[in-house]
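Trainee: Hi! Could we go through this one together?
Mentor: Happy to, let's have a look.

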Amino acid sequence: MELATFGAGCFWCVEAVFQDLQGVQKVVSGYSNGRIASPTYREVCSGLTGHAEVIQITYDPKVITFAELLEVFWKTHDPTTLNRQGNDTGTQYRSGVYYHNDEQRRLAEEYKQKLNDAQAFDKPIVTEIEPLKSFYPAENYHQNYYKQNGHEPYCQFVVRPKVQKVQAVFGDKLKKATV
């Protein structure tokens, strides 16, 4: 198994996007690359800790590659908005690939460059690509959030459309039980 860590806005959305992909064993919502150890949600939301809301994926590279995870990452959020995704604003919502090794760094930088060269978006990509310096799991009530709280308005109006996009675009990569 290998690890991948992505920030793409609210971790509830990002977790829901990745957890039903074949080869993904586990997705943990959390905080990374900030200035203090073991931050709380309230501290991260203050914007003073420097952490990003992220998800850490445990995956089987024989079933789904890091490059395939990157494809899902780039296609399921807006990597051109600095410190925001939709109505969620603040440094904790920044777009980021927090790599675990040089190969992940290389692949992320190459993919970002190809998207920018192709002008795949109206604006340049602002996604940061940095080594993972720290990862702290978020509080338990943030884990598996969409599956446990799908009826909540935020989940219905913000998370659900992202999940539906993954089902439409990446249906062939979904676990059979979710198709």
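Trainee: Which element gives the largest share of the lining of the second largest cavity?
Mentor: That is α1, with three residues. A cavity is a set of points on a 1 Å grid over the protein atoms alone where a 1.4 Å probe fits but cannot get out, and lining residues have an atom within 4 Å of a point. Helices are DSSP runs (H or I, at least four residues) numbered from the N terminus.

Trainee: Before I go on, what kind of model is it?
Mentor: This is a predicted model, where local features need pLDDT of at least 70, side-chain atom pairs count only at pLDDT 80 or more, and totals for chains, interfaces and linings use all residues. Residues are numbered from 1 along each chain as its sequence is written, and side-chain values use heavy atoms, with hydrogens and water left out.

Trainee: Back to that cavity: which residues line it?
Mentor: Ala8, Cys13, Val14, Val17, Thr76, His77 and Lys162 do.

Trainee: New topic: how do the axes of α1 and α6 cross?
Mentor: The axes of α1 (residues 11-18) and α6 (residues 153-169) cross at roughly 30° and come within 9 Å; axes are lines fitted to C-alpha atoms, for helices over the stretch in contact, with angles from 0 to 180 degrees between N-to-C directions. That makes α1 roughly parallel to α6, a label for angles under 35 degrees.

Trainee: And which residues make the contact?
Mentor: On α1, Trp12, Cys13, Ala16 and Val17; on α6, Tyr154, Val158, Val159, Lys162, Val163 and Val166. Contact means heavy atoms within 4.5 Å.

Note on methods: Helix = DSSP H or I, 4+ residues; strand = E, 2+ residues; numbered from the N terminus. Parallel < 35°, antiparallel > 145°, perpendicular 65-115°, else oblique. 1 Å grid on protein atoms, 1.4 Å probe; cavity = no way out; pocket = protein on both sides within 12 Å on 5 of 7 lines; lining within 4 Å.
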